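User: I would like to learn how to read a structure like this one, feature by feature. Please give the general idea and then the case at hand.

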Amino acid sequence: MSARRPADPQSSAQSSGGGSELERAVRRHLRYSLGQDSQVPQPEHLYRALALTVRELAIERLLQTERRLAASGAKQVYYLSLEFLIGRSLANNLINLGLYDEVRAFVASCGLAFDDVLEAEHDAALGNGGLGRLAACFLDSLATLGLPGFGYGINYDYGLFKQELDNGYQRERPDHWLRQWSPWQIERSDELCLVPVYGRIDHGRDRDGRYNPMWLDWQVLVGLPFDMPVIGYGGRTVNYLRLYSARASDEFDMQIFSQGDYLRAVEEKIRSETISKVLYPPDTVQAGKELRLLQEYFFVFCALHDIVRRFQRHHASFERFPDQVAIQLNDTHPALAITELMRLLIDEHDLEWDAAWKITQRTFGYTNHTLLPEALEQWPVTLLERLVPRHLQIAYEINRRFLARVAELWPQDPGLLRRVSLVHEGDEKRLRMAHLALVGSHSVNGVARLHSELLRTTVLADFHRIWPERFNNKTNGVTPRRWLLLANPQLATLITDAIGDGWITDLDALRQLEPLAAQSAFRQAFLAVKQHNKERLAATIAETAWVKVDPRSMFDIQAKRIHEYKRQLLNLLHIVYRYLRLVDDGDAPTVPRTHIFAGKAAPGYWAAKQVIKCINNVARQVNKDPRTRGLLRVVFVPDYRVSLAERIIPGADLSEQISTAGTEASGTGNMKFGINGALTIGTLDGANIEMLEEVGRDNIFIFGQTTAELAALRRDNSYQPRRYYERDDRIRRVLDALASDRFCADEPGLLRWVRDALLDGGDPYFLLADFAAYVEAQERAEQRFAAPERWAESAILNVARLGKFSSDRTVLEYAREIWGVEALEPMPHGSDQPG
């Protein structure tokens, strides 16, 4: 298939040596690695044999990349993130190596369906939402662009959770994705990292009488690294993601054993290894908070030691450290890396404070991902003092020097010191991790233009006053290899047949599709692809949610983490409104509609979990009512994850991006839906604004209050949601229906909370203020969908004009403007071939 060919036409031949060589390698692994009959493989076994074969190719390219990097002496970037939402790897790696079609043909020759083999792979549950998926996209772009960039994170045994529905309620089950070993991970047991934790500070002095604090009586954790190769498109560059699993210290265990306390030794081992067991332990209880902080410290300690070790291979002093190393903090979770680098430079390498601080600031960059104050991490000082006393001491000294400088420059504003201090003073002192990340970095960026502007003017305005030059914007992007080439092969082929395959590594090339939007033949072909994807999605819905939906209806989809600010509830209010008009008033929608939800709620987030229950109750009532047949369906698809997103996104007609203006940092789901030919209905929030500028107002359905308008309502305290309820019959009708038990006859009073929360709880996310505009935007979308050729034209223009939102563009901006890294040059012909 032409759309899947790599940029390097020799890649496939060099990788496999022809189909027969690849087949021999697969059959060898079936027999000798897995102990299976290579003539009649099962899908699970064939998946693992294929993965081991691809792993060998990836390792060879990884070693070649390492040789090129060592020869070049190039600066390297290290991306620290608590999440990497990778998904499945086999198909993506086959595409990037140029082997997809060859392997698909081989699988068919074995009498198996390729999809069955791909389904045998479990999603790598190393992340939750947009933060982790962005990190995975960035790694793909770094390798595709030939940039020397590596990720660092935690090798979680368990992901967030597997989501099941029980009577409409979310139930969480363990997601043990590593219950079987992963063929993509390379264990590096020769590069273990010993991690000190707990203990106390001895406030001593050295022989010259200078203060010389000593961290004593600490316990030891062991970080065991696993590398996952990251193959760039074309296979030329293979970087890696290094993930650390926590292990207990053998020496510590033996000491306990020797004292005869065997039970305690086992308990200590279990406790130590818990650190990498689960993604995002609940932090509503003290034990969960401690585990979460230990995770953040554990992985940045391991990462910094590894980065320094790599640097010291080729450099005797740290003078050139910032010229050779860039470290990017993906949100505040890795912020302790700043104190750890300072500790390394001062305590272990005897640098003076000023020299160490200059190196640290020049090395780090910080990406902020939130505008919600409650989402900016703060850790209790008492907890930090117990877990990482030396790091807290360093943070205090950073703060002391920083505040002294601020007081010197702005003596007339004493309140400024309190606002910018790294330490929040109050009943419980807390360390502000965003402040630590910002003070210790030379760059801080937002992830969409509006987000970056709001950081400068609201959330971090005081810091912008101090260091305006540090602030910049890097609008997010997504990798087109996974989110178009892999997820939507029919559309990828249609595009490639029309304009060639240059778009795979240069998404701006999609602009060449613009003239084709006016051609009826291309519009019809585009609609046929969309219909195919909708039929595929309808089958997935039938298998997972047990609801039959009509793929000829408009598929209106909101698939994202369940949160109040993302306003799934606003979407549901509109659905209830349409249902009441249909069954009570006989007013049918202009076109049949299927409303599809997907997403997980945090286990301890009551309101979000109640929204899921509410959606499912409304869905049950709507779907069983004979009056809605053929006109209206509602479905919640459980266990949203990367592999499910790859099915859902290509099948969308309308993409719901309806967060309250000024709350979504960027969003990347909006971009994925857009490049797959969905039209967006959304607010002027996050990257929606830039998408509007790219596609044009005629090709997107924008509604709702602006950030400035909502800020005025908050400032004046003039928003009174009950007035909307009293003045708008539609709102009153919908809320009263939800409160009346119409959608919960078997559970009286269950949904009354919706009306209470919106009317008496202040409606903090302004659902009622935006309801009327949302209804009107939905009506415009229906009218457009009723004219298929016009809809197709707008959808094609969305695909053609969203090339800006490639993660390749984003990563290049980071590389040029923050990191100062350049692409590796290929080595002279033949010198990077396998020896």
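User: In which helix does Pro322 lie, and is Pro322 buried or exposed?

Analyst: Helices here are DSSP runs (H or I, at least four residues), strands are E runs of at least two, and both are numbered from the N terminus. Pro322 belongs to helix α11, residues 321-324. Pro322 counts as buried because its relative accessible area is 3%; buried means under 20%, exposed over 50%, and partly exposed in between (1.4 Å probe, protein chains only). This is a predicted model, where local features need pLDDT of at least 70, side-chain atom pairs count only at pLDDT 80 or more, and totals for chains, interfaces and linings use all residues. Residues are numbered from 1 along each chain as its sequence is written, and side-chain values use heavy atoms, with hydrogens and water left out.

User: Which residues is Pro322 in contact with, leaving aside neighbours within four places in sequence?

Analyst: Contact means heavy atoms within 4.5 Å. On that basis Pro322 is in contact with Lys75, Ile359, Arg362 and Thr363, leaving aside neighbours within four places in sequence.

User: How should I read pLDDT?

Analyst: pLDDT is the predictor's confidence in each residue, from 0 to 100. Where it is low, the predicted coordinates should not be read in detail. The chain has a mean pLDDT of 92, with 94% of its residues at 70 or more. Over residues 7-18 pLDDT stays under 50, and residues 829-835 also stay under 50.

User: What is the case for Asn472?

Analyst: Asn472 sits in strand β17, residues 471-473. Asn472 counts as buried because its relative accessibility is 17%. Asn445 is 27 residues away along the chain, yet the two C-alpha atoms are separated by 4.8 Å. Asn445 is also among the contacts of Asn472 beyond four places in sequence, which include Ser443 and Ile818.

User: What is a nonpolar core, and how many residues does the largest one have?

Analyst: In soluble globular proteins, nonpolar side chains tend to be buried together. A nonpolar core is a set of buried Ala, Val, Leu, Ile, Met, Phe, Trp, Tyr and Cys residues joined through side-chain atoms within 4.5 Å. The largest here has 287 residues, and Trp503 is one of those with the most contacts inside it. Helix α10, residues 286-312, gives the most to this core, with 14 residues.
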